[in-house]
Amino acid sequence: MEKQLTGTLALAVFAAALGSLQYGYGLGVINAPQKVIQTYYARSLGLDFEPQHNEETNVTTMPLEPDSIPAALTMYWSLSVAMFSVGGIISSFMVGFVADFRGRIKGMLVLNILAVVASLLMGLAKMGSPHIMVITGRAIMGFYCGLSSGLVPMYIGEIAPVKYRGALGALHQLAIVTGILISQVLGLDFLLGNEDMWHLLLGLSGVIAVLQSLLLPLCPESPRYLYIKLGKKEEACKSLKRFKGEYDTSKDIAEMQAEKEEALKEAKVSLLRLARSSVYRQQLYVALMMHLSQQFSGINAIFYYSTAIFHKAGVAQPVYATIGVGAVNMVFTLVSVILVDRAGRRTLMLIGLGGMCLCAVGMTVGLVYLSTYSWMSYVSMSAIFLFVVFFEIGPGPIPWFIVAELFSQGPRPAAIALAGFCNWTSNFVIGMFFPYVEAYCEQYVFIIFVVLIFGFTLFTYLRVPETKGKTFEEIAALFQKKPAPRPVAEGEMEQLKGATEA
């Protein structure tokens with residue numbers, strides 16, 4: 001009898017999700033030790049710059065006036081932050097190639113070489129030119145994470161039983177937010193975010209890569225890759241049985257065979273062909289808009305600048321409030337894991353986006369009237385925490401795995417690559433330009449996100465179908481029913497009908 005969940009499946013999902021943990025750690029680790037790292041940069045560059053240390057409070061602060069910070073130091077620090085996203089943007093296009101060249105498992109294994117190299121560069125930064133070594137390490141780590149953020153959801157989506165596909169897919173986001181929280185906690189001044197240990201904080205991500213490298217060889221390769229891509233039926237059957245226990249694999253093999261036959265009828269789906277094809281246009285619109293809704297909802301503005309926002313709201317120790325945001329982030333991602341296969345993807349996206357829109361209004365009201373009413377600080381803080389809660393209920397985890405549900409085996413790697421590129425580019429844009437927009441709009445900055453989130457909510461309501469428990473053939477049929485600007489060709493209709501369950 002087929003078992004839905006087995007120890008082997010749990011091990012494989014855990015091992016793959018370590019790549020997502022690495023991604024989250026890389027996102028969050030650079031923020032806490034900023035003052036200390038900038039000091040080392042300045043010393044290495046021979047610049048006259050030292051943060052101000054208060055002996056009574058034991059708190060180190062940066063010079064308040066931007067003019068007092070050397071331009072070269074600002075440039076190198078900006079590169080230290082931004083190169084992570086640049087590396088991810090570049091590598092996101094290579095996800096399909098890496099996934100199909102040697103398989104999902106071997107692909108993730110080889111990527112860990114990049115993670116270890118990046119960790120060594122950052123961990124040994126004190127021994128050389130810290131600004132060069134950290135920037136290079138961040139770029140390589142970003143390159144690794146760009147590939148990993150595509151491979152992990154792809155692998156998990158292909159091995160997960162249909163019944164638990166949403167819950168297991170959401171574990172990618174859970175691992176990301178867990179990595180962010182770990183980096184925030186370890187980055188506290190009395191742990192690793194200090195002058196003596198900051199380089200170890202940056203280099204610690206190598207431990208995650210080593211652990212994943214030890215576990216991945218114990219995990220089976222994706223049965224869909226083995227059968228559809230390589231044509232190895234016997235190995236695919238063995239892999240299915242390792243994931244699901246001893247059972248009759250004929251049904252799963254028949255589904256993969258139908259998908260393979262359909263894939264052979266069409267030419268290989270490249271990135272360019274996917275972007276131009278009318279067959280997949282509706283699915284691609286939905287996939288890209290889901291990722292845009294994740295990044296342009298304003299969540300990264302909250303993550304990057306929550307400490308400053310809490311400071312404006314009058315919180316005595318804003319760094320701990322920021323860690324509190326990270327903890328709430330992780331807890332409600334776990335809630336989403338539980339709910340996503342019960343309530344459904346579309347429902348959770350609508351609840352999440354609608355709640356975030358209201359919270360963004362609350363944040364704006366709180367910031368505008370903060371100087372008039374002191375109790376408005378509580379409104380701002382409550383809105384921030386609730387904003388994160390609603391984000392992790394839907395817009396946080398769902399875009400990562402729904403792309404694999406929307407596309408069959410042929411176009412899936414290219415679709416995930418395009419979605420990843422969209423996600424990383426949006427992340428980069430928010431990180432680079434939000435400070436300038438905030439300086440211009442001041443306390444009204446979140447009005448921009450209110451408008452964007454409202455638009456994403458309308459799009460989700462009108463265009464995003466429910467994919468819970470549906471096969472690829474059923475999902476494709478949902479898109480066929482949508483009105484198109486022109487009649488769909490018969491050949492394109494047949495291609496859509498051939499897609500089957502992942």
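Q: Hi! Is Glu246 buried or exposed?
A: Glu246 is exposed, because its relative accessible area is 59%. Exposed means over 50% relative accessible area, buried under 20% and partly exposed in between, with a 1.4 Å probe and protein chains only.

Q: Good to know. What kind of model is this?
A: This is a predicted model, where local features need pLDDT of at least 70, side-chain atom pairs count only at pLDDT 80 or more, and totals for chains, interfaces and linings use all residues. Residues are numbered from 1 along each chain as its sequence is written, and side-chain values use heavy atoms, with hydrogens and water left out.

Q: Back to Glu246, then: which residue forms a salt bridge with Glu246?
A: That's Lys241, with the closest N and O atoms 3.9 Å apart. A salt bridge here is a side-chain nitrogen of Lys or Arg within 4 Å of a carboxyl oxygen of Asp or Glu. Lys241 counts as partly exposed because its relative accessibility is 32%.

Q: Which residues are joined into a network by salt bridges that share partners?
A: Asp100, Arg104, Glu158 and Lys229 make up one network.

Q: And how many salt bridges are there in the whole structure?
A: A search finds nine. One of them pairs Glu195 with Arg43, whose closest N and O atoms are 3.3 Å apart. Glu195 sits in the loop between α7 (165–186) and α8 (198–203) and Arg43 in helix α2 (residues 34–45), so this pair ties together parts 152 residues apart in sequence.

Q: Nice. How many helices and strands does the chain have?
A: There are 23 helices and two strands; these are DSSP runs numbered from the N terminus, with helices being H or I of at least four residues and strands E of at least two.

Q: Switching to the inside: how many residues are in the largest nonpolar core?
A: It has 121 residues, and Tyr155, Leu274, Phe387 and Phe407 have the most contacts inside it. Helix α6 (residues 130–159) gives the largest share of this core, 12 residues. A nonpolar core is a set of buried Ala, Val, Leu, Ile, Met, Phe, Trp, Tyr and Cys residues joined through side-chain atoms within 4.5 Å.

Q: What does Phe387 contact, beyond its neighbours within four places in sequence?
A: Its contacts (heavy atoms within 4.5 Å) include Ser297, Ile302, Met356, Met363 and Ile453.

Q: Which residues are in the second core?
A: That separate core of 10 residues includes Leu226, Tyr227, Leu240 and Met256.
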